[in-house]
Amino acid sequence: MTLLNQNSWENKQESLISSLNKQPLLVVLRPNKDELEDFSSKSLLFSKISKLSKCGVKHIEISWLNDTRWFELVKMLLEQFPNLLIGVASILNIESIDSIEELGIKYAISPVFDEKLQEHARKRGQILIPGVLTPTEIQKAKNYGCKIVKLFPASNLGIKYLNKIRVPLDPLPFIIAAGGLKAKDIQPWLNAG
């Protein structure tokens with residue numbers, strides 16, 4: 001990777017962090033096959049996204065599916081909701097990274113830290129936020145240059161876990177708490193920083 005690409009990749013991460021600092025809420029939607037068959041401006045999924053957008057939500061992730069209808073759904077969302085920063089969740093293979101790059105997706109999230117996936121995404125200037133669980137995974141992601149990680153599953157780990165690893169791993173990357181969180185959990189996690 002050239003220095004220019006490295007700087008661009010780091011700038012993209014910083015830009016996403018800045019956006020998440022302004023609005024620290026990321027909504028993940030998982031369309032099912034039925035929703036892909038009947039996706040239009042009248043569908044339930046479109047209605048949910050429209051309501052979220054009207055409420056001012058900026059960050060929405062759509063779970064990746066290897067289905068041509070999924071690609072059409074994402075294209076429509078990108079056209080209909082240009083004010084949203086749409087990402088893709090559940091990235092586990094190189095093919096999915098290539099496909100979302102073609103759509104112009106700004107970022108993606110994986111439930112795991114996989115160096116091969118990170119390298120592939122990075123070569124393309126694509127942000128792939130890794131899922132991490134252990135201090136070792138967090139440190140590997142930091143060493144790789146990931147400025148953002150997804151603490152997963154956050155509901156099982158809890159805020160106490162985050163607080164216990166904060167000092168020995170200081171500084172922590174920007175943490176997205178994900179997995180099993182409910183609306184009532186948002187404020188405590190925000191208060192934890």
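Is Lys-75 buried, partly exposed or exposed? With a relative accessibility of 40%, Lys-75 counts as partly exposed, where buried means under 20% relative accessible area, exposed means over 50%, and partly exposed lies in between (1.4 Å probe, protein chains only). The model is predicted, so local features need pLDDT of at least 70 and side-chain atom pairs count only at pLDDT 80 or more, while totals for chains, interfaces and linings use all residues. Residues are numbered from 1 along each chain as its sequence is written, and side-chain values use heavy atoms, with hydrogens and water left out.

The description begins with the sheet. Strands of a sheet pair through backbone hydrogen bonds, either parallel or antiparallel. Here an open sheet of 5 strands runs in the order β1-β2-β3-β4-β5, with parallel pairing. The edges are formed by β1 (26-29) and β5 (127-129); each has a single partner strand, so one side of each is left without a neighbour in the sheet. From one strand to the next, the twist averages 30°. Strands are DSSP runs of E with at least two residues, helices are runs of H or I with at least four, and both are numbered from the N terminus; two strands pair if DSSP finds at least two bridges between them. Strand β2 (residues 59-63) and strand β3 (residues 85-89) pair in the parallel sense over 5 bridges. Within this pairing, Ser-63 has Ala-89 of β3 as its bridge partner.

Rolling a probe the size of a water molecule over the atoms shows where empty space is left. A pocket is an open set of points on a 1 Å grid over the protein atoms alone, where a 1.4 Å probe fits, with protein on both sides within 12 Å along at least five of seven lines; its lining residues have an atom within 4 Å of a point. The largest pocket holds about 920 Å³ of space. Its lining has 33 residues, and those closest to its centre are Leu-26, Ile-176, Ala-177, Ala-178 and Leu-181. The elements that give two or more residues to this lining are α1 (3-22), β1, α8 (154-166), β8 (174-177) and α9 (186-191). Among them, β8 gives the most, with 4 residues.

The second largest pocket holds about 210 Å³ of space. Of its 14 lining residues, Lys-12, Ile-105, Lys-106, Tyr-107 and Ile-127 are the closest to its centre. Helix α1 supplies the largest share of this lining, 4 residues.

The last topic is charged side chains. Side chains of opposite charge can pair when their charged atoms come close. A salt bridge is a side-chain nitrogen of Lys or Arg within 4 Å of a carboxyl oxygen of Asp or Glu, and by this rule the count comes to 7. Lys-75 takes part in one of them with Glu-72, at 3.8 Å from N to O. Both residues lie in helix α4 (residues 68-80), 3 residues apart, about one turn of the helix. Glu-72 is partly exposed, at 48% relative accessible area.

Another salt bridge joins Asp-98 and Arg-124, whose closest N and O atoms are 3.2 Å apart. This pair links distant parts of the chain, 26 residues apart: Asp-98 lies in helix α5 (residues 94-103), and Arg-124 in the loop between α6 (115-123) and β5. Asp-98 is partly exposed at 26%, and Arg-124 is partly exposed at 33%. Salt bridges that share partners also join Glu-37, Asp-67 and Arg-69 into one network. Asp-67 counts as buried at 10% relative accessibility, whereas Arg-69 is partly exposed at 28%.

Definitions and conventions
Axes are lines fitted to C-alpha atoms, for helices over the stretch in contact, and angles run from 0 to 180 degrees between N-to-C directions. Grid points are joined across faces, edges and corners, and a volume is the space filled by probe spheres set on the points.
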